[in-house]
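Morning, everyone. I have one structure to show today. Please look at the screen while I talk.

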Amino acid sequence: MFIGQYENRVDKKGRVVFPAAFRERCRGSVFLWWHRNVLKIYCELPVITSKEAPFVIEIQIDSQGRILLPERQRKFLAIEFGDTLIFSGRLTHIEVARQS
């Protein structure tokens with residue numbers, strides 16, 4: 001179960017620290033899914049359709065607890081280097097938003 005809200009900044013290489021409280025449950029990788037204008041993170045891939053599959057990617061968590069946000073996902077959320085991202089627990093998944 002994912003609860004709570006955490007903030008971290010995006011570095012110059014497009015990486016962001018994935019919150020430790022969430023990281024403990026994810027075993028080394030996460031799935032990013034941008035769906036209906038929301039970027040969602042899952043530790044285990046939920047059941048999806050073949051139409052949704054192109055919008056899901058697997059991302060490794062590095063040894064320092066960071067995830068690299070691919071350029072396409074950064075553009076989707078209009079994320080720039082130095083921006084603060086908000087990771088919000090939504091019980092079954094995590095939603096990511098850029099702090100305005």
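Predicted model: local features only at pLDDT ≥ 70, side-chain atom pairs only at ≥ 80, totals over all residues.

Now zoom in on one pairing. Strand β3 covers residues 29-35. Five bridges join β3 to β5, and the two run antiparallel.

Is A20 buried, exposed or partly exposed? Its relative accessibility is 38%, so A20 counts as partly exposed. A20 and Y6 are 14 residues apart in sequence. In space, their C-alpha atoms are 9.5 Å apart.

On to the disulfide. How many does the structure hold? One. The cysteines are C26 and C43, with their sulfur atoms 1.7 Å apart. The pair links distant parts of the chain, 17 residues apart. C26 is in the loop between α1 and β3. C43 is in the loop between β4, residues 38-42, and β5. As a reminder, a disulfide is a covalent bond between the sulfur atoms of two cysteines.

How accessible are these two cysteines? The cut-off for buried is under 20% relative accessible area. C26 comes in at 4%, so C26 is buried. C43 has 13%, so C43 is buried too.

Last topic, salt bridges. Side chains of opposite charge can pair when their charged atoms come close. The count here is four salt bridges. I will show you some of them.

First up, D62 and R66. Their side chains meet in a salt bridge at 2.8 Å, N to O. Check the accessibility on each side. D62 is partly exposed, with a relative accessible area of 28%. R66 has 17% relative accessibility, so R66 counts as buried.

Now go to helix α2, residues 71-76. K75 forms a salt bridge with E71 there, and the closest N and O atoms are 3.3 Å apart. Why are K75 and E71 separated by about one helical turn? Because they are four residues apart in the helix. K75 has a relative accessible area of 59%, and exposed means over 50%, so K75 is exposed. E71 has 48%, so E71 counts as partly exposed.

One more pair: R90 and E95. Their side chains meet in a salt bridge at 3.4 Å, N to O. R90 is partly exposed, with a relative accessible area of 42%. E95 is partly exposed as well, at 22%.

Quick recap. You have one disulfide, C26 to C43. And you have four salt bridges, among them K75 with E71.

That is my part. Questions, please.

Terms used: Residues numbered from 1 in each chain as written. Heavy atoms only, no water. Pairing = 2+ DSSP bridges. Buried < 20%, exposed > 50% of the residue type's maximum accessible area, 1.4 Å probe, protein only. Disulfide = S-S within 2.5 Å.
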